[in-house]
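Have a look at the sequence and the fold before reading on.

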Amino acid sequence: MKQNALLAKSIKEGDEAAFELFFRAEYNNVVTFLNRYLRNSLLAQDVAQESFIALWQKREQIDAAGNIRAYVFTIARNRALNEMALKINQTRTEWEKNELAIAIEAMNDPDLVQDIQALELKELIRKVYLELPEKVAESFILSRECGLSYEEIAQKKGITKKIVEYRIRIALQVFKKRLKDYMYFFLFW
């Protein structure tokens, strides 16, 4: 079982040590994310803490196969939206109301929702890279991330272009198989 899934499963089963490990690893990331929209570091810290408390309280609902990181970011986003909605009703000046309305609109932006959902996809892609044989992954990274041609990879690695093509084809087959459920995401991304 992969590390993320094992962590989610442990938290779902009530493992406090696993929850603390997750909290320590992600708390500052959630605070930073929230602070971009709330523009108040103390409020961002409060909302982040409330989000982790909500995660713990709803731990039975965690999908052990899902991405727990994306789940806590979604909880934090929803709590921040609630916080801003309350604040907009208590605000006196029109300028502050407009500023809050813009922040709410930014948090409701489909791109932000997609970014949170992309956390799960990024984790899956990272896992697929780890599953690939080392030389296949190396050729694929040189091709797709470094932008090298098959010929350049062949020269750099001292192999034939046909071997590079074969390795890339293997990598693409693995990615296609493992990411088939996310093909809709790539169409809209």
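Phe19, Phe22, Phe23, Tyr27, Phe52 and Trp56 are linked into a cluster by ring pairs. Rings of Phe, Tyr and Trp (its six-membered ring) pair if their centres lie within 6.5 Å, and planes under 30 degrees apart count as stacked, over 60 as edge-to-face and the rest as tilted. Before going further: this is a predicted model, where local features need pLDDT of at least 70, side-chain atom pairs count only at pLDDT 80 or more, and totals for chains, interfaces and linings use all residues. Residues are numbered from 1 along each chain as its sequence is written, and side-chain values use heavy atoms, with hydrogens and water left out.

By the ring rule, the count comes to nine aromatic pairs. Two of them are set out here.

| Pair | Centre to centre | Angle between planes | Type |
|---|---|---|---|
| Phe19 and Trp56 | 5.0 Å | 50 degrees | tilted |
| Phe23 and Tyr27 | 5.0 Å | 35 degrees | tilted |

Helices here are DSSP runs (H or I, at least four residues), numbered from the N terminus. Both Phe19 and Trp56 are buried, where buried means under 20% relative accessible area, exposed over 50% and partly exposed in between (1.4 Å probe, protein chains only).

Phe23 and Tyr27, on the other hand, both sit in α2, four residues apart, about one turn of the helix. Phe23 is partly exposed, with a relative accessible area of 27%, while Tyr27 is buried at 14%.

## The core

What does the largest nonpolar core look like? It has 30 residues, and those with the most contacts inside it are Ile11, Phe22, Val30, Leu34, Leu38, Phe52 and Leu55. Such a core is a set of buried Ala, Val, Leu, Ile, Met, Phe, Trp, Tyr and Cys residues joined through side-chain atoms within 4.5 Å. The elements giving two or more residues to this core are α1 (3–12), α2, α3 and α4 (68–90), and the largest share, 10 residues, comes from α2.

Take Phe22: leaving aside neighbours within four places in sequence, Phe22 is in contact (heavy atoms within 4.5 Å) with Leu7, Ile11, Phe52, Leu55, Ile68, Arg69 and Val72. There is also a second, separate core of 14 residues, which includes Val128, Leu132, Phe140 and Val164.

## The bend and the ends of α2

Helix α2 (residues 16–38) has a kink of about 45 degrees, centred on Glu26. The bend at a residue is the angle between axes fitted to the seven residues ending there and the seven starting there. Is Glu26 buried or exposed? At 11% relative accessibility, Glu26 counts as buried. Not counting residues up to four places away in sequence, Glu26 touches Phe52, Arg69 and Phe73.

Just after α2, Arg39 has a positive phi of about 55 degrees, although Arg39 is not a glycine. Arg39 lies in the loop between α2 and α3 (41–57) and counts as exposed, at 62% relative accessibility.
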